[in-house]
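User: Can you walk me through this structure? I'd like to start with how the pieces pack.

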Amino acid sequence: MTVDARVAALATRWVHLYTRRLPAAVAWERRAELISDLWEEREESRVQGRSPAMTAASMVYRALAGVPADIAWRSGQRSRLVTRELQPLSPRLPRTKGLSGWRRFNMLLRTRRCHACGRRYGRQRWYCPTCKTSPRQGIVDRT
Amino acid sequence: MRRKPNTLLPLEADILNSGVALQRSGARQFYGFQLARQLADAADARRLTAHGTLYKALGRLDDRGLLASTWEDPQVAADAGRPRRRLYEVTGAGERALAQWRITHADATTYAARRGLEPT
């Protein structure tokens, strides 16, 4: 295995790593695009008679210099995922399932679980908007 | 720092410029590595744009409708014995955004001369 092939394999592993747990289509597109790029670069070098070491150096530079953008891209994709997951839900019924990291923490901090129906609602409310139950006063009749 | 909506970053403008140059040179569509090579040649740079930087910018432009992308026919790639390419095309909106960027940021001739490209 030549040095450029090794670097290409490492870059491929990296793209598999940062596309983990993303929607399958998004992950597939990014992986396929990068695999194509690595192949094209090696092929161009082969045609032009450049040494595998030079090609490897170029690929290492491109992979390493792109790491911050890769991470930012992943973060953006995860945010989109979270937004999509929350869209069908009522804003009155925040849910922590599907959230991760500080978003989950923040949601837990801002909401409380209803002792009667088990749903989460904002801490600014004094009763659960779903079952109209207050933790202190029991069922609240708003009608 | 958040940027203003409907503005282009220098890299995005370079991508659109290189894409337009490739399309004018006869290629109807272009792919990622070809674009990286064109960007490096146009800027007379030794190094190609980093993978993450390039594909993130391409994704942004695609999302905004400034580029249109399609995946190459698997049979074509299989016949050529290589992985499938994602093919990009600068849209009309992309050309208009680039023209606007040139007006806003610099005199078109100076910009093109700096990038080694023909002004439109």
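This is a predicted model: local features need pLDDT of at least 70, side-chain atom pairs count only at pLDDT 80 or more; totals for chains, interfaces and linings use all residues.

User: Fine. What elements does chain B have?

Analyst: Chain B has six helices and three strands. Read from the N terminus, their order is α-β-α-α-β-α-β-α-α.

User: How much of chain B is buried?

Analyst: Of its 120 residues, 36% count as buried. As for contacts in chain B with a separation of 6 or more, 55% of them are between residues 24 or more positions apart.

User: Which residues touch the most other members of the largest nonpolar core?

Analyst: Leu16(B) and Leu58(B), in a core of 26 residues. Elements of chain B giving two or more residues to this core are helices H1 (10–24), H2 (32–42), H3 (51–63) and H5 (92–105), plus strands E1 (30–31) and E3 (86–90).

User: What does Leu58(B) touch?

Analyst: Leaving out residues up to four places away in sequence, Leu58(B) touches Ile15(B), Gly32(B), Leu67(B) and Tyr88(B).

User: And the second core, what's in there?

Analyst: That one is separate and has nine residues, including Ala8(A), Ala11(A), Ala56(A) and Ala63(A).

User: Back to chain B for a moment. How do H1(B) and H3(B) cross?

Analyst: Their axes come within 10 Å and cross at roughly 80°. Angles of 65 to 115 degrees count as roughly perpendicular, and H1(B) and H3(B) are therefore roughly perpendicular to each other.

User: Which residues meet there?

Analyst: From H1(B), Leu11(B), Glu12(B) and Ile15(B); from H3(B), Thr53(B), Ala57(B), Leu58(B), Arg60(B) and Leu61(B). By class, the contact has five nonpolar, one polar and two charged residues.

User: OK, chain A. At what angle do H1 and H3 pack there?

Analyst: Helix H1 (residues 3–18) of chain A packs against helix H3 (residues 52–65) of chain A at about 20°, and the axes are 7 Å apart. That angle makes H1(A) roughly parallel to H3(A). The crossing is left-handed.

User: Which side chains' positions are involved? I mean, which residues of H1(A) meet H3(A)?

Analyst: Val3(A), Asp4(A), Val7(A), Ala8(A), Ala11(A) and Trp14(A) in H1(A). Across from them in H3(A) are Pro52(A), Ala53(A), Thr55(A), Ala56(A), Met59(A), Val60(A) and Ala63(A). The class count for this contact is eleven nonpolar, one polar and one charged.

User: Now the interface. How many residues of chain A are in contact with chain B?

Analyst: 21 residues of chain A, in contact with 16 residues of chain B. On the chain A side, the elements giving two or more residues are helix H2 (24–48), H3 and helix H4 (67–86).

User: Which of these gives the largest share?

Analyst: H2(A), with ten residues. By class, the side of chain A that touches chain B has eleven nonpolar, three polar and seven charged residues.

User: Last topic, backbone. What is phi at Arg21(A)?

Analyst: Near 60°, a positive value in a residue other than glycine. Most residues other than glycine have a negative phi. Arg21(A) lies in the loop between H1 and H2 of chain A.

User: Buried or exposed, Arg21(A)?

Analyst: Exposed, because Arg21(A) has 11 C-beta neighbours inside 10 Å, and 12 or fewer counts as exposed.

User: What about Asp44(B), what's its phi?

Analyst: Asp44(B) has a positive phi of about 55°, although it is not a glycine. Asp44(B) is in the loop between H2 and H3 of chain B. With 8 C-beta neighbours inside 10 Å, Asp44(B) counts as exposed.

How values were computed:
Residues are numbered from 1 along each chain as its sequence is written. Chains are lettered from A and ligands numbered from 1 in the order in which they are written. Axes are lines fitted to C-alpha atoms, for helices over the stretch in contact, and angles run from 0 to 180 degrees between N-to-C directions. Helices (H or I, at least four residues) and strands (E, at least two) are DSSP runs, numbered from the N terminus. Angles under 35 degrees count as roughly parallel, over 145 as roughly antiparallel, 65 to 115 as roughly perpendicular and the rest as oblique. A crossing is left-handed if the near helix is turned anticlockwise from the far one by less than a right angle, and right-handed if clockwise. Two residues are in contact if their C-beta atoms, placed from the backbone, lie within 7 Å. Ala, Val, Leu, Ile, Met, Phe, Trp, Tyr, Cys and Pro count as nonpolar, Asp, Glu, Lys and Arg as charged, and the others, Gly among them, as polar. A nonpolar core is a set of buried Ala, Val, Leu, Ile, Met, Phe, Trp, Tyr and Cys residues joined through C-beta atoms within 7 Å. A residue is buried if 20 or more other C-beta atoms lie within 10 Å of its own, exposed if 12 or fewer, and partly exposed in between; C-beta atoms are placed from the backbone.
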